[in-house]
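Here's a quick tour of a metal site and some aromatic contacts. Have the model open as you read.

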Amino acid sequence: MALIKFSGVSKQFERNDETFWATRNINLEVEKGEFLTVIGPSGCGKSTVLNLCAGIMTADEGAIMYDGKPVNKVNTKVGYMTQKDNLLPWRTVMKNVELGLEIQGISRSEREKRCRRYIEMVGLDGFEKHYPQELSGGMRKRVSLAQLLAYNPETLLLDEPFGALDAQLRLIMQDKLLEIWKETKKTIIFVTHDLDEAVSLGDRVAVFSKRPGTIKMIEKINIPRPRDVYNIRLSPDFSKAHTTLWSALKDEFELEVSI
Amino acid sequence: MALIKFSGVSKQFERNDETFWATRNINLEVEKGEFLTVIGPSGCGKSTVLNLCAGIMTADEGAIMYDGKPVNKVNTKVGYMTQKDNLLPWRTVMKNVELGLEIQGISRSEREKRCRRYIEMVGLDGFEKHYPQELSGGMRKRVSLAQLLAYNPETLLLDEPFGALDAQLRLIMQDKLLEIWKETKKTIIFVTHDLDEAVSLGDRVAVFSKRPGTIKMIEKINIPRPRDVYNIRLSPDFSKAHTTLWSALKDEFELEVSI
Amino acid sequence: MSSEAIIIEQSKKKALSKRKMRKRKEFIKLSIIRLFIIVFTLFIWHFLSGRVIDKFWISSPTDVMQAIYKWTVSGELFYHLSITVQETLLGFVFGALAGGIVGFLLGRWTYGAKIFEPFIMSLYSLPKIALAPLFILWFGIGIDMKIILAAVTVFFLVFINTYAGVRNVDKDMLENIRIMGASERQITFKVVLPSALTWIMVGLRTSIPYALIGAVVGEITASNRGVGYLIQYSAGQYDTGGTFAALIILMLFSIALNFIVTGLIEKRFLRWKTDQSN
Amino acid sequence: MSSEAIIIEQSKKKALSKRKMRKRKEFIKLSIIRLFIIVFTLFIWHFLSGRVIDKFWISSPTDVMQAIYKWTVSGELFYHLSITVQETLLGFVFGALAGGIVGFLLGRWTYGAKIFEPFIMSLYSLPKIALAPLFILWFGIGIDMKIILAAVTVFFLVFINTYAGVRNVDKDMLENIRIMGASERQITFKVVLPSALTWIMVGLRTSIPYALIGAVVGEITASNRGVGYLIQYSAGQYDTGGTFAALIILMLFSIALNFIVTGLIEKRFLRWKTDQSN
Amino acid sequence: EKSSNEAGKKGKAEKITIAQSSSSLLFTPIYVAQEKGFFKEEGLDVEVTIAGGSTNVLSAVVGGGAEVGATGLSVVMDVNSKGQDVQAFASLINQYASNVVIRKDVAQKLSVTEDSSIDEKIKALKGLSIGITQPGGGSDRLVRHLLKTQNLNPDKDATIVPLGKAEAILPAFTNNQIQAFVFSSPTSEQAITSDEGILLLNLSKGEIKELDGFTHSTLLTKKDFIKKNPETIQKMTNAIAKAEKFISENKEEAKEVVRKSFDKLDKVTFDAAFENNFEAFARTPVITKSGYEMNVKFEGVNAPFEKVVNNEFAEKSNQ
Ligand SMILES: Nc1ncnc2c1ncn2[C@@H]1O[C@H](COP(=O)(O)OP(=O)(O)OP(=O)(O)O)[C@@H](O)[C@H]1O
Ligand SMILES: Nc1ncnc2c1ncn2[C@@H]1O[C@H](COP(=O)(O)OP(=O)(O)OP(=O)(O)O)[C@@H](O)[C@H]1O
Ligand SMILES: [Mg+2]
Ligand SMILES: [Mg+2]
């Protein structure tokens, strides 16, 4: 049975006296341990889907099941790295990363040890005592990521986690994420706007259509694991998947250009 | 004479009783009408350089000249699209885009006309009456861009303007930006973390080294104008420039990987 | 219209009317609960008075109703209330304006704030009763004195909140509009004020009751009209029913005023926020 | 250490001492300006009194100094002030705690807020003087009554601000920590309180002077000790010098209290903010 | 009579505000003059404002908020000695119109009744908490004086508690925070009506010899105002004189008239209060030298009689 299951999910927002569909009729199953990447045009409802899955929004139609149970309140099984970072401005980097562990009641020394590891992983050692306001955009995103990984939730929802990073750092992060995924067998839904990233990381790639967004196609990526994110672009499997997906995206694109 | 000139500029921040260098010894000249792209690792001081140029931070060493005059207060000659969007949450999309024109005292009808054009350009028609909080991450960035372009400042400082957009929309935006640039002969400093983008847009590309960031090299891009951003990757000039720059970046990258 | 579009249209309407229904239903439920609390309180009061606590001290609901009824019929209620209302409103407007403006200026002028804040705060801590003789000396015993008393009270509360609000304006937003070449005036009206509005609102909410208290205390101190006079007059004759009736009138007026001021501002200016919370 | 590193080291130290020097210099400058204002005010006061306005009404700086000196020497000042201080502090602590807790709970419990808010706001608008008889009846004329009076005054002010602060907590931050599986307790202490702190601070700042006013009004109403008694006594003797002396003592105490409370909280909890503003 | 006719012809009444320090029977002549239309007859349109406390009355008169004030003579003396140019020009009450009330249970325990001797009554105050109005004020002095007559030390043998206004005295008395208090009518009568206290001493009836004939409440105004508006003051004094004459000659009707200003007060309380104070109401507005001297002695303030008191108008009004 799928760990996460969307059946006919739609979400609408109200504006003044009009309603407005953000996503329509989403059908999606994510297996336990799967790495699903999601790609689609801006404003098509990718973040909305993650919000629904985390239980911080409720669907207007359809049902979302997590581990067999309907998601009707905040879903604490998942860890969610939102598109906008939600760092607490009154906590230093270290304290922010520790947050999830504090909640789990982990002892201080254990917390520090674990957090230091993840802070190092995201390349922020030396910044432990800085406040979020004293960091650059990319650094803030990395703190968010470290926070999420440190408290080790069963499922990860990642909304453009590497969007603000330079190409190189992005590759490193991808690599490390895959490593962690392999070790811990987490389930991951990963939203990105970079097709390369989507293809090189995902077991499957879900392509969203334009607003009101729905899933246009789901493509299985047959590149064998473990993958070398640094050189994956050279593999023929990559090119094949890339081409298929690109043509799917292109349709949306053509629509866009014609505007 | 260069429009913008950094000579030996350094910026430090204070933390408790320690000081901390964000950028060191920046020397840079940007000619009037030039399109300069800036690339470099996360946290190296790219945004800091733009802040200095906009006059919202002051340098601790060195001098910044704009149009022959030292920048020692807010520089109203430039338009600045910051990394984090600064939309006013109590204004609708339309009203946000109008902001700069309101300040210039443009009449309402003229304002609406111009703004509608830019809102359309960034693909947000239909969202004029939405509040920023009701938009997706990518949409918010696009509103910021429309706001900036609508009020038509002489120089544009763009901090990862297309970072939150999907690949397709990003190309469209790049194309439109180049078009506007060609028409209006603006000076542009464009920060990005995407080397492709840096190469396909810039007259020159400035590469930053790791923190404390300084300019490692500035490479002239000899791809003829007008450029076709959709297919530029296929041009040999592109590959050449890309390779040179990539190797420069790679050094930084190696350092990073070794961590 | 395609059939899908029709379905969307319909579901739109359905959602709409559903929402309206829900809102109306919730409002009714809320009113019932509130009413119940009021009735319950009256009942307890009725039960206590005369049985547990001497009526002399807490009067009783019926006596209070009677007093209110009598005042209403005789026209006294309208007369006295209208005077208090006038004083309160004028005091509120002047005090809020002054407090808002000073709070605003000092909020923008950091150095001035550092200099003057302690002085303002120390004036704030003077009990106005102790200054009553000076107030009377300078402003007489007429309506002016009460307006000024109300205004002074309001001033400080609005000042502190406005000041805090202005100090809490997002620096990046300010810089953003400054780069656009905004004048101080434009910065004020386009960024600082809207952003400080939530704070100013709290200042206003805090000070509405104090405007009323200021006016009434003024009336109690020196008056022959106004609700404060009714309180004073009733208290002087140990007519607790009258005192309580006057107090309840004050409460009702204050609720109304609070409702109007916050309602107006929220509807008009904080729409983007209320929209959000739905 | 490389020579470049040494230079960096040195420039670090230079920057540091520069910054400290700057801070100290600014502080001295500020103190001088404030002192100047005080002296100037005293001078104006001195000049006005007796010449423009009768000394009977505004006393004079020398008379006030004399009164303070006399009270200090006789030990009265310490005795009365210590009582007022005690009442104010206790009233402040109880009132602020109660207001904070209620404001906090209603801030989290939206429905409860909708039900109870109008009731709380209407109680808030009752002038405490009018309720003095009930206060005395229930709480006597001792120190309790004054503490309660101070606490009630503080309660509402802290309530409104805490409530607003809790309502303004960033929704995304709340959801973020909720997804992490935080309990209500954890949400409270890790997100809501720190985030509402700027608001609570304003509530505290607003209410410190009112705690003092509450206690003093209580003392003026019924007491034979405390600074309020000094005011009442001096006023009864038409000793304006004494009245003003007592008021100035109140002002000084309120400044000190304000300084301590806000200083403490800001240093301890709002450090991330103050760090920013530098 | 002439002046009133003139005013009547002109049809324009002069507006005068009286700032009165509390609503109490201490100001009965004002109530009567107002209710019976004596002010109007004189061509005055009088508005009475209660300005809580004598300091406020004084502020109002000096600051110009009110033309005339109504409060104790001792206040006028006191502020005169402190350089305020105000004068008292009409007496309203010619007794120290305060009562001492003691809790019934305490009285019973000490077996003091209304018929006990004055000395016994005063001795009963030993060890009690006694409510007064203002520290250093008249009621404070009275209590201290009374205790001293029985060789009691006011600072050790009793606790004197300032309670400002009537609104504070009664609740404190009810919940036994104070066992006795000194206050004017009708507060004292209210405590008796509610069956909690008994009247220990009634000073309005001149029970204390040293205070018999004490000039208590008076009308006052600025000297300046008198100089500029002697006619107005004359009219005012005339009206008060008429009222005082009316009270002494028509006791029952006067009672009914005053009752209108205390319509919410319990009837028993009011009647007792009126009765208790009747003897104290001034018969003429003239401020007697002896009543003044008692103030000097008792309140411990001194200022020349001629400076504080202006009997010119009161004397004319008698003719
Ligand atoms: N709170 C809200 N109120 C109203 N509309 C909203 C709200 N949040 C999102 N929307 C709308 O829902 C749609 C989908 O938004 P969502 O954030 O899911 O897009 P997205 O796919 O994540 O886009 P991006 O790639 O730009 O982040 C958008 O059109 C947006 O305008
Ligand atoms: N307000 C501040 N206080 C202290 N340090 C700061 C502040 N702003 C920036 N920094 C530091 O300055 C350095 C450069 O920051 P900057 O924002 O310029 O980086 P960037 O190149 O834009 O990075 P990114 O690509 O991640 O946006 C960072 O190390 C950051 O920690
Ligand atoms: Mg999104
Ligand atoms: Mg940056």
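What follows covers the ground rules, the metal site and the rings.

## Ground rules

This is a predicted model, where local features need pLDDT of at least 70, side-chain atom pairs count only at pLDDT 80 or more, and totals for chains, interfaces and linings use all residues. Residues count from 1 along each chain as its sequence is written, chains are lettered from A and ligands numbered from 1 in the order in which they are written, and side-chain values use heavy atoms, with hydrogens and water left out.

## The magnesium site

Ser47(B), through OG, and Gln83(B), through OE1, coordinate the magnesium ion (ligand 4) at 1.9 to 2.1 Å. Ser47(B) sits in helix H1 (residues 46–54) of chain B and Gln83(B) in the loop between strand E6 (78–81) and helix H2 (93–104) of chain B, so the pair ties together parts that are 36 residues apart in sequence. Donors here are N, O and S atoms within 2.8 Å of the metal (3.2 Å for Na, K and Ca); water is not among the atoms, so sites may look incomplete. Helices (H or I, at least four residues) and strands (E, at least two) are DSSP runs, numbered from the N terminus.

Ser47(B) counts as buried at 18% relative accessibility, while Gln83(B), at 22%, is partly exposed. (Buried is under 20% relative accessible area, exposed over 50%, partly exposed in between, with a 1.4 Å probe and protein chains only.)

## Aromatic pairs

Over all chains there are 44 aromatic pairs. In one edge-to-face pair, Phe35(B) and Trp181(B) are 5.4 Å centre to centre with 80° between the planes; both are buried. (Rings of Phe, Tyr and Trp, its six-membered ring, pair if their centres lie within 6.5 Å; planes under 30 degrees apart are stacked, over 60 edge-to-face, the rest tilted.)
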